[in-house]
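Have the model open while you read.

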Amino acid sequence: QVQLVESGGGLVQPGGSLRLSCAASGFTFSSYAVGWYRQAPGKERELVARYTVTSSGTNYADSVKGRFTISRDNAKTTVYLQMNSLKSEDTAVYYCHALHMYTRLEYWGQGTQVTVSS
């Protein structure tokens, strides 16, 4: 059974930090490009950060460059998103995503809420 389980979301003040985790199971994690997307109320889901299909590089949304860092641990089949200097506009549900490098088969997590507010 394929699972992507996010954790680490919550309420944080502007300027604060959070670290999201996504634990993957049920598929060959190392064969997938993994990433994070988010969806704010009334808005479309957007890319936050991801590894490229070849997993040799990363892409970040312009709005998070320099503040967020994606990382992965293939041994733990987990992908992380370190979020620093959080802003109110970062408030959204954050989703973990996995895309097979060749077949394009993809999986989504259930999402974790991040709220940035004073």
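This is a predicted model: local features need pLDDT of at least 70, side-chain atom pairs count only at pLDDT 80 or more; totals for chains, interfaces and linings use all residues.

If you zoom in on β7, you'll find 6 bridges joining it to β8 (residues 78-83), and the two run antiparallel. Ser71 is the residue that stands opposite Tyr80 in β8.

**The salt bridges**

Side chains of opposite charge can pair when their charged atoms come close. This structure holds 4 salt bridges, including these:

| Pair | N to O distance |
|---|---|
| Asp90 and Arg38 | 2.9 Å |
| Asp90 and Arg67 | 2.8 Å |
| Lys65 and Asp62 | 3.1 Å |

Take the Asp90 and Arg38 salt bridge. Asp90 is in the loop between β8 and β9 (92-100) while Arg38 is in strand β4 (residues 32-39), so the pair ties together parts 52 residues apart in sequence. Both Asp90 and Arg38 are buried.

Asp90 also meets Arg67 in a salt bridge. Arg67 lies in the loop between β6 (58-60) and β7, so this pair links parts that are 23 residues apart in sequence. Asp90 counts as buried at 0% relative accessibility, and Arg67 counts as buried at 10%. Through shared partners, salt bridges join Arg38, Glu46, Arg67 and Asp90 into one network.

As for the Lys65 salt bridge, its partner Asp62 is exposed, with a relative accessible area of 65%.

Conventions. Residues are numbered from 1 along each chain as its sequence is written. Side-chain values use heavy atoms; hydrogens and water are left out. Two strands pair if DSSP finds at least two bridges between them. Helices (H or I, at least four residues) and strands (E, at least two) are DSSP runs, numbered from the N terminus. A salt bridge is a side-chain nitrogen of Lys or Arg within 4 Å of a carboxyl oxygen of Asp or Glu. Buried means under 20% relative accessible area, exposed over 50%, partly exposed in between (1.4 Å probe, protein chains only).
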